[in-house]
Amino acid sequence: MDWGNVTTEDLIDALREVDWSSPPRPLTEFFSRFTLPRSYSRWNSRLKCNLYYYRTNYFIMIIFVLGIAFLTRPLAIIAAVLTALSIAFLNDSFAVSFNEKVTRTVRQFSPHMASKMRPPLAPVLRGRPSAKRAIHICGRPRWMFVLIFAAASCIIWFTSCRLLTVLWAFVIGLLATILHASFRTPNLKARLNTFREEFRAVWRNYSDL
């Protein structure tokens, strides 16, 4: 895949649909080799490739920076967790996996309640779903959980610490992510992983036909 031809919208869609349950890359690989990009096009391609390949590492790093910044304020740590969950729910794979685990846990105590947590069935026309199936969590649309967790995190942010402190911690986490993605040289594993994900996407689209 030529990452130079990948738009920002394509990268956001890929991060939203890709599986985030995979463990982060080892630290020895994460901090392995750094070089200066030779041109703007190579920097642009490297940045997108690393953001996609080390997505879990960057997510953990931003949460870690927020946690360190608010270590003396326990409520701020709770707000950081709620913020992370509200963002994670936007990913299809995480939302589906979270819903399955919660439903499976509830089924052990109350099968009747677990049956109510199933997502509604999509209408079928000519043996195929009429539209793309919406993501549900505990029987409710995903956007409800995103709004609830985001609103709760904002309330706790405002009541536990200053908003300026939150912004500074978040900016530092984003800056560290961009700097690492800009200077970390993409290795062979990153390129092979990209081709594998691209093949899976093509195969998934082919199987839906």
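Predicted model: local features only at pLDDT ≥ 70, side-chain atom pairs only at ≥ 80, totals over all residues.

Student: How many cavities of 30 Å³ or more does the count give?

Tutor: Rolling a probe the size of a water molecule over the atoms shows where empty space is left. Here the count is 1 cavity of 30 Å³ or more. About 40 Å³ of space lies in the largest cavity.

Student: Which residues line the largest cavity?

Tutor: S22, P23, R25, Y53, Y54, R55, T56 and N57. By class, that lining has 3 nonpolar, 3 polar and 2 charged residues. Helix α4 (residues 55-69) gives the largest share, 3 residues.

Student: Now the helices. At what angle do α5 and α8 pack?

Tutor: Helix α5 (residues 74-88) and helix α8 (residues 142-160) pack at about 155°, and their axes are 8 Å apart. Angles over 145 degrees count as roughly antiparallel, so α5 and α8 are roughly antiparallel to each other. The crossing of α5 past α8 is left-handed.

Student: Which residues meet in this contact?

Tutor: From α5 come L75, A76, I78, A79, A80, L82, T83, L85 and S86. They meet V146, F149, A150, A152, S153, I156, W157 and S160 of α8. The contact residues of α5 with α8 comprise 13 nonpolar, 4 polar and no charged.

Note on methods
Residues numbered from 1 in each chain as written. Heavy atoms only, no water. 1 Å grid on protein atoms, 1.4 Å probe; cavity = no way out; pocket = protein on both sides within 12 Å on 5 of 7 lines; lining within 4 Å. Points joined across faces, edges and corners; volume = space filled by probe spheres on them. Helix = DSSP H or I, 4+ residues; strand = E, 2+ residues; numbered from the N terminus. Nonpolar A, V, L, I, M, F, W, Y, C, P; charged D, E, K, R; others polar. Axes fitted to C-alpha atoms, helices over the stretch in contact; angles between N-to-C directions. Parallel < 35°, antiparallel > 145°, perpendicular 65-115°, else oblique. Left-handed = near helix turned anticlockwise from the far one by under 90°. Contact = heavy atoms within 4.5 Å.
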